[in-house]
Amino acid sequence: MGGCLSKSKPVEVKVELTLLDKEKDTDVMSPNGKASPFSDCRPNGALGHCSDEDSAPPRLYQPRDYVEASVCHVKDLENGQMREVDLGSGRALLIKEHGEFSAIAHKCPHYGAPLVKGVLSKGHVRCPWHGACFNIATGDIEDFPGLDSLPTFQVRVEKDKVIIRANKQDLQSQKRSKAMARCSAVINSSTGFSHILIVGSGPAGLVCAETLRQEGFTDRIVMCTMDKHPPYDRPKLSKSLESTAEQLRLRSIDFLQDHDIELLTEKEAVAVDVKTRAVTFQDGSRMEYRKLFIATGSKPKPMNYKGQDVKNVFHLRTPEDANCVARLANNRNAVIVGTSFVGMEVAAALTDKAHSVSIIGIEAIPFQKALGEKVGRAIMKLFETNRVKFYMLNEVSEMLGHHGQLKEVLLKSGKVLRADVCVIGTGSRPATGFLKGSGVHMDSKGFVPVNKTMQTNVEGVFAGGDIVTFPFLGRSNKKVNIPHWQMAHVHGRVAALGMMGRPTEIKTVPYFWSAMFGKSIRYAGYGEGFDDVVIQGDLDELKFVAFYTRSEEVIAVASMNYDPIVSRVAEVLGSGKTIRKRDVETGDMSWLIDKGSQ
């Protein structure tokens with residue numbers, strides 16, 4: 001077995017289930033290869049003001065609730081190896097590290113990826129698809145995306161046989177929620193005060209609320225959102241247009257109520273007064289807070305064209321938007337404006353529904369700025385193979401309607417496209433207009449600068465997600481904006497710990513993904529300002545790894561059909577090692593195992 005790309009082309013990667021580094025220490029390390037960014041946090045801990053009475057009683061099981069099976073011989077696994085094993089009532093992931101066996105659920109609770117194909121390193125396993133990390137001793141999630149942790153199973157060795165004992169329910173669910181404290185304060189729902197007020201119910205807001213409860217916070221938490229739905233998986237909107245809010249939901253109303261997280265839907269914040277510590281909402285109501293977390297996300301950039309009142313033109317923001325687009329595009333003509341990831345994903349999703357799909361872009365090649373010209377061109381070819389027509393170096397002049405319904409899109413080049421539905425995906429800007437005059441500092445683009453604990457310039461006011469610029473360790477703590485779903489999770493957790501007086505720095509590696517025509521792009525790192533791209537593999541076959549370099553250093557990686565290479569590189573980057581351009585130009589990936597400089 002080998003963890004290298006061969007020097008021949010096309011390159012092959014064989015998954016090697018070994019440690020990334022030659023380890024002698026037995027410390028449980030972080031998802032990024034050093035001390036965990038949350039290692040000082042109690043896994044399911046409680047603070048002093050959370051009494052023993054608040055803790056849930058242990059669940060009692062009868063023997064029939066458990067299954068026990070001999071799964072292998074002790075010599076069947078080498079150190080640093082993982083194996084998926086069958087216990088009869090379900091499967092588990094058996095791991096051997098430092099001579100010790102452990103067993104956890106075998107699927108990532110985020111999207112169900114097989115963790116056996118992931119990366120094992122220093123006490124955690126990293127998901128091969130989207131980079132989430134789980135502690136192999138506790139099952140706790142240590143890096144995102146995702147909300148749930150993994151159940152763990154008992155392992156013992158008898159007469160050189162490895163035996164696993166597992167709860168049947170845990171084997172079936174393959175996930176668990178961390179224990180959470182309950183609210184001990186007597187609260188009337190109409191009370192206009194919350195100890196913690198969270199504006200926004202995306203991943204930053206939701207993880208913030210859950211982290212507070214997981215870490216023992218027992219006062220009131222109120223989370224408000226403009227949306228009419230409980231928190232849902234927004235990245236899926238553009239990939240699965242017919243999914244309902246129910247199918248996309250991250251947490252149910254019942255879950256939030258059970259953990260004393262109050263959710264106010266269709267509640268738009270219009271002003272913040274940091275002197276009186278109060279937020280005013282569009283309906284005229286007002287809520288005071290002790291600490292505030294702002295995570296309002298982004299909103300579409302406005303476009304300037306004639307025919308703004310024509311119907312069936314959408315910015316994809318809600319499940320209802322996505323459902324309408326899918327319905328209107330059925331056997332009809334769809335036009336996508338913009339070559340953002342959202343726009344391109346929508347175009348891909350519509351090809352098996354619409355009569356025609358057209359994409360309008362202001363650049364020559366999609367994703368050129370994010371992924372480089374060669375990768376962008378290969379993806380463009382994939383779309384063209386699937387009947388998508390491109391109108392690049394172009395812009396919309398007018399939306400033309402008949403009886404108010406969209407019928408044609410007029411381009412500045414003079415070209416007229418037939419269109420029954422249009423989706424605009426030309427980028428976004430931070431939804432921070434309501435902060436003007438609040439005293440919370442914003443830069444010229446509307447982003448909110450925060451410090452390492454996600455606190456703004458105002459004491460007690462924190463912010464996270466798409467709206468912030470934050471100190472990024474990978475760029476010597478330069479403040480950057482990284483609008484990734486995964487990064488928003490991290491912001492929420494760091495902000496919650498900061499509010500509780502337990503400052504924790506962000507040490508995660510940014511991780512991003514996209515899916516089109518059944519093919520996934522994985523991306524890790526921060527590639528802003530790359531000056532070259534080193535490609536290994538075959539772009540024509542869409543089986544490649546692209547390394548983005550700046551001044552002879554690899555700063556990011558993207559791949560298609562090469563799992564878990566991006567998760568492996570994320571491990572190396574997260575460990576603080578430098579990957580040199582020369583290391584990847586040869587196609588020899590031995591540096592994944594034992595190279596890289598501190």
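Predicted model: local features only at pLDDT ≥ 70, side-chain atom pairs only at ≥ 80, totals over all residues.
Residues are numbered from 1 along each chain as its sequence is written. Local features need pLDDT of at least 70, side-chain atom pairs count only at pLDDT 80 or more, and totals for chains, interfaces and linings use all residues, while side-chain values use heavy atoms, with hydrogens and water left out.

Select residues 373-385 to begin. This is helix α8, with 13 residues; helices are DSSP runs (H or I, at least four residues), as are strands (E, at least two), numbered from the N terminus. Colour Val375, Gly376, Ala378, Ile379, Met380, Leu382 and Phe383, which are buried in α8. Buried means under 20% relative accessible area, exposed over 50%, and partly exposed in between (1.4 Å probe, protein chains only). After α8, select arginine 387, whose phi is positive, near 75°.

Turn next to the salt bridges, of which the whole structure holds 28; each is a side-chain nitrogen of Lys or Arg within 4 Å of a carboxyl oxygen of Asp or Glu.

Select glutamate 262 and arginine 220, whose closest N and O atoms are 2.6 Å apart in a salt bridge. Glutamate 262 belongs to strand β13 and arginine 220 to the loop between α2 and β12, so the pair ties together parts 42 residues apart in sequence. Arginine 220 is buried, at 1% relative accessible area, whereas glutamate 262 is partly exposed at 22%.

Move to glutamate 345 and lysine 239, a salt bridge with closest N and O atoms 3.3 Å apart. Glutamate 345 lies in helix α6, and lysine 239 in the loop between β12 and α3.

Finally, select Glu68, Arg156, Glu158 and Arg165, which a network of salt bridges links.

Conventions
Expected span 1.5 Å × (residues − 1).
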